[in-house]
Amino acid sequence: AYLADHLIKEQQGQGVNYRQQSLQKYRDYAAKNRDFPLSRFKSRHSSATEAVGYGKTLMLFHMLRKRLGDETFIKALRKLYQDYQFRIAAFNDVKQVFEQVSGLSLKQFFHQWVKRTGAPELVLKASRVEKTSNQFRLRITLEQVQPGEPYRLEIPVAVSLINQRAAKEFVVTMTAPEQTFEVDLPASPSRVDIDPQFDLFRKLAIAETPPAFTQVFGASDLLVVLPVKATGDMKAAWQAFARDVSHMGPEQVSIVTDDEIESLPMDKAVMVLGWDNRFTLQVQNELARHPVTFKTGQVHVGQEHTEKQNHAFAWVTRFEGKNNQSYPRALITADVAGALPGLGRKLPHYHKYSYLAFAGEEPENRLKGRWPVTDSPMTSMFRNCLLYTS
């Protein structure tokens, strides 16, 4: 996962996106009540076991590489291969090899990432800039809000400076539930970003990631709403598709027709099916916060436009429900009944995306993407040395 899939993406300049997607899978599939320590991973048999066994291991090797540097990291990998080819190696064997090569004690590192269940949850609690005699002083307060003991974290920080092209990057070491860090800067900062390249294994805040189908398929409770106006082949196809959704990962799925409920619930994930569903317009209006426009006969996403005819579409957004909880809301549409069986098979494989378009009865993917993130809680903006909330 790290030395093949991630490496290819990194070489293509997409390593940051790959790590963000891996961390989003962990949050949406495993972090609620399906989590377990890496020491218990045996094989992948579900989205949750993949998120831990592959995703967390991927991030473990990435954090090890960032800590030791490429030269030492590669040297240790070579020794691991030479010592254990054609043999079984445990995480403790990996630890010992990397300790031998680096000369460092990695006991705490491997204990917290291999033995512990869960992940740190970071919060940028406060940030402030003060003007001193000849420079600027940035003060940031970070908090770990997960249950249990705090993790020891090497946290990357990037500070953008006014009239300077390159950001100032540094790493702070956090060992307490809450810590304040200070750094002196040669110019006024315009923004500060905490772990902007997703180098840490952690449970991401919802607002750090775009809405994606991982949230739908990882939901504990999903309501699927069928269009009562559908008839004939489309009615049967939508009913079969709704049954397929029940096997895509949600813990509990309820299926109703749009005339059986007065309004969409505010306390669970929702999937609305069909152009003629009476709740379709409501979800389209909620999708308007993203760069998508629904027109007669066409759908526009950014600069792309797709004909509605002979196409199946899938979109997901999210809304703030009860108790300030965020829930996903998906809209699935199609005008060809024959496309829905294939869509039911393919959609789980496109779970990292925010929007999709498929053509024909196969159906063939023609459009895919993720909505942009514009309001990460791990970013603070500054104006005239004062905190500015984006």
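Residues are numbered from 1 along each chain as its sequence is written, and side-chain values use heavy atoms, with hydrogens and water left out. Because the model is predicted, local features need pLDDT of at least 70 and side-chain atom pairs count only at pLDDT 80 or more, while totals for chains, interfaces and linings use all residues.

Helices and strands here are DSSP runs numbered from the N terminus (helices H or I, at least four residues; strands E, at least two).

The helices come first. Helix 5, residues 91-102, and helix 6, residues 107-115, have axes that come within 10 Å and cross at roughly 155°. Axes are lines fitted to C-alpha atoms, for helices over the stretch in contact, and angles run from 0 to 180 degrees between N-to-C directions. The two helices are therefore roughly antiparallel, a term for angles over 145 degrees. From helix 5, F91, V94, K95 and E99 make the contact, and from helix 6, K107, F110 and V114; contact means heavy atoms within 4.5 Å.

Now the sheet. It is open, has three strands in the order 1-2-5, and its pairing is antiparallel. Two strands pair if DSSP finds at least two bridges between them. Strand 1 (residues 122-131) and strand 2 (residues 136-144) share nine bridges, and they form a hairpin with four residues between them. In this pair, A126 stands opposite T141. Eight bridges join strand 2 to strand 5, where I140 stands opposite F181. Strand 1 and strand 5 (178-185) are the edge strands, each pairing on one side only. On average, neighbouring strands are turned by 20° against each other, direction ignored.

Key:
Parallel < 35°, antiparallel > 145°, perpendicular 65-115°, else oblique.
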